[in-house]
Structures are given as C-alpha cells and as structure tokens.
Amino acid sequence: MSKTRIASAIGLLAIAPMAMATNIATDWTGVAGTTATGQLAGVSVTLDAASPGSGGPTIVTGIDLSISDFSAAPLSSSEEMADYGFDSNWTATFGSPIANPRLYAKFWRGPNNLNDPPQFEYTFDQPFTILSGFPNATVAGNTLFLPSVSFQDGILEFAGSVSSIGVISNNANSGSRQFLTFGTVPAPASLAVGVFAGLLARRRR
C-alpha cells in the first residue's frame with residue numbers, strides 16, 4: 001500500500017468515531033405468534049410479548065422518535081416500533097450482546113380505570129437509567145413507576161454488555177397497547193475495521 005493510501009486510511013480511522021456517533025434503531029422484520037423479530041446493528045432481536053387480552057405484538061411504522069422526550073438520543077421522525085399489549089410481561093433477546101442498549105418507549109401507560117393499582121410498575125431484570133423523557137415517572141431499584149397521568153414517552157438505557165432484557169408489569173387488565181423499540185450507538189471500531197478493509201480491497205484491485 002502506498003504512503004498516500006496509508007495516510008488516507010489513518011485519516012479515515014481518525015474520523016471514524018465521529019461518523020459512528022449516530023443512534024440507530026431496530027429494523028423490525030416480522031411477527032410470528034407472540035414473537036416479533038428484527039435486527040439492531042447487525043444483531044438479531046427477538047421480542048416475546050404475549051398479552052393475555054391483546055394478543056401478540058405487531059409492527060407499526062411512522063412513529064416520531066425525534067421529539068423532546070427522546071432528545072438525549074433521538075431517532076428519526078418515522079421509525080418502526082413493536083406494538084404490544086401493555087399488560088404483557090415480555091423478554092427481548094439479542095443474538096449477541098449489545099453495548100448499552102436503549103429502550104425507546106412510546107405511549108406507555110399509567111393506571112386509567114378504577115380497577116387498576118395506584119400506579120403501574122414495570123420491573124426490569126437489571127438496572128437502568130432514564131436517559132430522557134418519562135417526566136412523571138419515578139424509579140426505585142429496577143422498577144419504573146408510572147402514575148395515573150397521560151401517556152409517557154422516553155428512553156431507558158441499560159449499562160454494559162446486554163444479552164437480554166426482561167420486564168414484569170403489575171397491570172392485570174388488558175385491551176390497550178403501547179410501543180417499544182431498541183436502539184444503540186455502534187462501536188467506532190467496527191467502522192474503522194470496515195474502512196481499512198475497504199482500502200485494502202481497493203488496493204488489491
């Protein structure tokens with residue numbers, strides 16, 4: 001490889017982290033029974049969300065995830081999301097670990113009738129932080145509490161290398177639905193390797 005090409009490669013590697021500082025979302029590809037499937041940064045995503053009253057998940061399109069509740073890591077104004085019964089206890093499994101995955105929630109509910117508990121609890125199987133949004137929510141341990149207010153939107157982030165995320169809800173009612181998807185920022189190293197490999201391939205040609 002010439003000195004000029006090596007210099008070009010080094011320059012591209014230097015800007016790779018900037019180029020990769022882009023939030024990406026799950027590309028939902030299908031539903032079978034109670035399971036929705038997709039891809040996130042080249043990794044398979046499987047969401048099992050069996051609602052007793054509302055059936056399994058579906059895929060909805062055109063959801064705006066660029067508004068203020070998603071300001072910490074906005075996605076596009078026309079995203080795909082999984083639409084599932086809000087009384088579901090669900091599990092999302094990644095084909096290989098995802099670094100610091102983010103859960104984007106849209107239209108998540110608090111109590112809305114007299115038979116509901118005072119607040120809805122979404123208890124995850126691991127710690128999380130509210131990255132943005134969820135203005136009326138509180139957190140204790142691994143549980144997100146939503147009071148009896150209007151719909152809640154926002155982003156939850158899970159730290160570290162995560163292979164799956166599970167949640168249990170205390171809502172026993174059924175019939176209504178809410179949305180979710182997952183996002184991440186791909187590791188800069190993956191782009192750097194791709195750039196260098198591309199330059200080598202061009203040199204061989």
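Tutor: There are 12 aromatic pairs in the structure, a pair being two rings of Phe, Tyr or Trp (its six-membered ring) with centres within 6.5 Å, called stacked when the planes are under 30 degrees apart, edge-to-face when over 60 and tilted for the rest. Residues are numbered from 1 along each chain as its sequence is written, and side-chain values use heavy atoms, with hydrogens and water left out.

One of the pairs joins Phe-86 and Phe-120, with 5.7 Å between the centres and 55 degrees between the planes, a tilted arrangement. It links distant parts of the chain: Phe-86 is in the loop between strand E6 (79–85) and strand E7 (90–99), and Phe-120 is in strand E9 (residues 120–124), 34 residues apart. Strands (E, at least two residues), like helices (H or I, at least four), are DSSP runs numbered from the N terminus. Phe-86 and Phe-120 are both buried, where buried means under 20% relative accessible area, exposed over 50% and partly exposed in between (1.4 Å probe, protein chains only).

Trp-90 and Phe-124 make an edge-to-face pair, 6.2 Å centre to centre with 75 degrees between the planes. This pair also links distant parts of the chain, Trp-90 being in strand E7 and Phe-124 in strand E9, 34 residues apart. Trp-90 and Phe-124 are both buried. They belong to one aromatic cluster together with Phe-94, Phe-128, Phe-158 and Phe-182.

Two rings have a charge over the face, which requires NZ of Lys or CZ of Arg within 6 Å of the ring centre and within 35 degrees of the ring normal. The charged end of Arg-109 is placed over the ring of Phe-86, 5.3 Å from the centre. Lys-106 lies over the face of Phe-107, 5.1 Å from the ring centre.

Lys-106 also forms a salt bridge with Asp-153 (3.1 Å, N to O), a salt bridge being a side-chain nitrogen of Lys or Arg within 4 Å of a carboxyl oxygen of Asp or Glu. Asp-153 is in strand E13 and Lys-106 in strand E8, 47 residues apart. With a relative accessible area of 9%, Lys-106 is buried, and Asp-153 is buried at 9% as well. The count of salt bridges comes to three. Another is formed by the side chains of Arg-102 and Glu-157 (2.9 Å, N to O). Arg-102 belongs to strand E8 (residues 102–108) and Glu-157 to strand E13 (residues 152–157), 55 residues apart; both side-chain partners, Arg-102 and Glu-157, are buried. Arg-177 meets Asp-83 in a salt bridge too (3.1 Å, N to O), which connects strand E15 (residues 177–184) to strand E6 over 94 residues. Here Arg-177 is partly exposed, at 22% relative accessible area, whereas Asp-83, at 10%, counts as buried.

A nonpolar core is a set of buried Ala, Val, Leu, Ile, Met, Phe, Trp, Tyr and Cys residues joined through side-chain atoms within 4.5 Å. The largest has 32 residues, and those with the most contacts inside it are Trp-90, Leu-103, Trp-108, Phe-124, Leu-144, Leu-180 and Phe-182. Beyond four places in sequence, Leu-180 has contacts (heavy atoms within 4.5 Å) that include Trp-28, Tyr-84, Trp-90, Tyr-104 and Trp-108. Apart from this core lies another of 11 residues, among them Ala-25, Ile-63, Leu-65 and Ile-155.

One further aromatic residue, Phe-134, has a positive phi, near 45 degrees. Most residues other than glycine have a negative phi. Phe-134 is in the loop between strand E10 (129–133) and strand E11 (138–140), and counts as buried at 3% relative accessibility.

As to confidence, the mean pLDDT of the protein chain is 83, with 75% of its residues at 70 or more. Where pLDDT is low, the predicted coordinates should not be read in detail.

Definitions and conventions. Predicted model: local features only at pLDDT ≥ 70, side-chain atom pairs only at ≥ 80, totals over all residues. pLDDT = per-residue confidence, 0-100.
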